Amino acid sequence: MSLMAGTLHVVEHNALVFRRIWRGSIAVSFFTPLFFLAAMGIGLGGLVNRNSGGVNGVPYLDFLAPGLIAAACMQTAAIEATYPILAKIMWDKTYEAALATPVTIPDLIRGEVVWSILRMSIVATTFWIVMFLFGVGHSLSALLAIPASILTGLAFATPIMAFTATRRNDAGFAAINRFVIIPLYLLGGTFFPIAKLPLALQAVAWATPLSHGVVLTRGAVLGNISAPEAALHALVPLAYFAAGLLMARSLLMKRLAK
Amino acid sequence: MVERNVMAYRHNWIVILSGFFEPVLYLLGIGFGLGSLVPAVTTGGHTVSYAMFVAPALMATSAMNGAVYESTANFFYKLKYAKTFEAVIQTPIGVEDAAMGEVIWAVIRGCLYSIGFVVIMEALGLIASPWGGVMAVLAALLIGFAFAALGVTITTFMRQWQDQEIVQLALQPMFLFSATFFPITVYPPILQAFVAVTPLYRGIHLIRGLTTGQIDQGLLIDVLYLVLLGLVGVAVASVRLRRRLLK
């Protein structure tokens with residue numbers, strides 16, 4: 001089977017399942033940004049603007065919104081890379097069934113990555129539209145925040161997929177959420193500048209992909225990042241994505257080839 | 001019923017322990033991180049630091065989340081799949097005991113979190129008086145009781161897992177808009193009145209009053225509201241459970 005066809009079959013499978021649940025999912029990806037931007041951006045933002053005159057020279061809402069898009073993609077990618085993948089490895093044995101056809105393990109991984117990109121596109125685009133309605137990011141280059149946030153999510157998708165390939169039950173997933181995703185969400189530069197963290201934590205934050213993803217989305221929306229600077233920041237999430245891809249591939253090979 | 005849950009959780013204590021990590025992280029991230037952008041907040045005439053303002057709200061929210069999770073997702077699972085209750089009511093334990101047992105269990109679990117949280121608040125100097133801290137734990141218990149009763153009641157109406165999403169969709173705006181991160185005075189008067197009758201707002205108002213040391217009659221209204229909500233919840237849940245189990 002050609003490279004494309006195998007990948008597309010995996011994507012198609014996910015799309016068929018998604019067809020049954022998409023209404024709830026779209027509603028969540030619309031209401032979440034709406035609530036967050038209203039409460040944090042405007043409610044809390046009012047306090048921030050009055051006390052500190054905004055953040056880094058822009059109103060708090062403008063500072064917060066692009067960061068939240070990147071964080072939303074991170075969360076989506078993390079969820080998609082845990083329960084659904086383990087279900088297909090172990091509980092429903094979907095992969096076992098797929099591998100009995102000409103579909104290969106690299107097809108499975110490519111398919112899941114493409115699916116993850118599609119899911120994040122929905123989340124990021126909906127978020128972007130809500131942000132636009134709140135009056136943030138009125139330029140064409142602001143649209144670049146969508147691919148930038150998808151890249152951020154991909155930096156989590158493949159490493160977590162690799163982790164999932166080693167799991168025998170779902171106990172580790174709550175830990176990933178608690179000890180990786182939520183700390184990054186809260187401290188990774190989304191809600192306040194990383195420079196406000198203690199020095200040691202700043203170093204940790206810059207070693208993770210979210211902080212760089214937030215710089216990219218914020219730069220795109222506010223239009224204050226140069227192309228070479230953006231390329232440099234894109235390297236970190238890209239490296240996580242590539243390393244995760246290799247690990248997911250070899251671990252899934254080991255797991256499924258018995 | 002309470003004993004059963006304790007026994008079942010003995011093997012899962014790490015889950016309980018790590019559940020404590022989250023509110024503390026929120027406290028550090030939001031309280032101190034955002035606190036660097038918002039030096040002080042005026043609430044009910046007093047001016048307090050942002051961490052001091054947010055901490056009681058996070059405590060109330062985590063009491064709510066714990067109680068709601070335990071009384072909806074976990075309880076639904078027991079009701080629908082594990083058939084724990086069908087087994088339980090074959091014994092001399094009655095339906096009311098079963099419902100009450102679930103609520104008490106959720107409250108005990110929430111209590112453990114609250115004590116830990118108050119100890120950390122005290123260590124960070126976010127509580128006006130130690131006495132306020134003790135009262136705040138009791139207040140968190142009351143919040144847990146009210147939401148657990150509400151959660152059990154709602155769960156008895158649930159048919160499928162997708163209904164759980166509705167619960168999440170209701171919790172999120174409550175978390176964000178109940179004067180958690182900014183004072184209620186930000187809203188126009190009509191919205192203020194609406195927010196003021198929601199249960200999480202009453203809970204946050206109660207704990208914030210206790211930990212910042214603004215004790216007045218307003219807190220009595222909070223207590224009455226939450227007690228009433230809890231009692232009505234338990235009563236309705238018992239009737240519903242009886243109908244569902246004894247058919």
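## Burial and make-up of chain B

A residue is called buried when its relative accessible area is under 20%, and exposed when that area is over 50%. By this definition, 55% of the 247 residues of chain B count as buried. The model is a predicted one.

Chain B contains eleven helices and two strands. Along the sequence, these elements follow the pattern α-α-α-β-β-α-α-α-α-α-α-α-α. Among contacts in chain B with a separation of 6 or more, 77% are between residues 24 or more positions apart.

## Nonpolar cores

In soluble globular proteins, nonpolar side chains tend to be buried together. In this model, the largest nonpolar core has 147 residues. The members that touch the most other members are A:Leu44, A:Tyr60, A:Phe191, B:Tyr50 and B:Phe181. Helix H4 of chain B, residues 50–82, gives this core its largest share, 17 residues.

A:Phe191 can be followed in detail. Leaving out residues up to four places away in sequence, A:Phe191 touches A:Phe36, A:Met40, A:Tyr60, A:Phe63, A:Leu64, A:Leu68, A:Tyr185 and A:Leu186 from chain A, along with B:Leu34 and B:Leu37 from chain B. There is also a second, separate core of five residues, which includes A:Leu151, A:Leu216, A:Ala230 and A:Ala234.

## Two helices that cross in chain A

Helix H7 of chain A covers residues 145–165, and helix H8 of chain A covers residues 171–187. How do their axes lie relative to each other? The axes of H7(A) and H8(A) come within 12 Å and cross at roughly 155°. Angles over 145 degrees count as roughly antiparallel, so H7(A) is roughly antiparallel to H8(A). The crossing of H7(A) and H8(A) is right-handed.

On the H7(A) side, the residues that meet H8(A) are A:Phe156, A:Ile160, A:Phe163 and A:Thr164. On the H8(A) side, they are A:Gly172, A:Phe173, A:Ile176, A:Ile181 and A:Leu184. The residues in this contact between H7(A) and H8(A) comprise seven nonpolar, two polar and no charged.

## A buried arginine and an exposed isoleucine

A:Arg119 belongs to helix H6 of chain A, residues 105–133. Is A:Arg119 buried or exposed? With a relative accessible area of 11%, A:Arg119 is buried, because the limit is under 20%. Apart from its neighbours within four places in sequence, A:Arg119 is in contact with A:Phe18, A:Ser25, A:Thr76 and A:Glu80.

A:Ile79 lies in helix H3 of chain A. The relative accessibility of A:Ile79 is 53%, so A:Ile79 counts as exposed. The C-alpha atoms of A:Ile79 and A:Phe173 are 8.8 Å apart, and these two residues are 94 residues apart along the chain.

## Two loop residues with positive phi

Which loop holds A:Asn56? A:Asn56 is in the loop between helix H2 (22–52) and helix H3 (60–80) of chain A. Phi of A:Asn56 is near 50°, a positive value in a residue other than glycine. A:Asn56 has a relative accessible area of 62% and is therefore exposed.

B:Ala179 is in the loop between helix H8 (163–177) and helix H9 (189–196) of chain B. Phi of B:Ala179 is near 60°, again a positive value in a residue other than glycine. With a relative accessible area of 2%, B:Ala179 is buried, whereas A:Asn56 is exposed.

Methods
Residues numbered from 1 in each chain as written. Chains lettered and ligands numbered in written order. Predicted model: local features only at pLDDT ≥ 70, side-chain atom pairs only at ≥ 80, totals over all residues. Heavy atoms only, no water. Axes fitted to C-alpha atoms, helices over the stretch in contact; angles between N-to-C directions. Helix = DSSP H or I, 4+ residues; strand = E, 2+ residues; numbered from the N terminus. Parallel < 35°, antiparallel > 145°, perpendicular 65-115°, else oblique. Left-handed = near helix turned anticlockwise from the far one by under 90°. Contact = heavy atoms within 4.5 Å. Nonpolar A, V, L, I, M, F, W, Y, C, P; charged D, E, K, R; others polar. Core = buried A, V, L, I, M, F, W, Y, C linked by side-chain atoms within 4.5 Å. Buried < 20%, exposed > 50% of the residue type's maximum accessible area, 1.4 Å probe, protein only.
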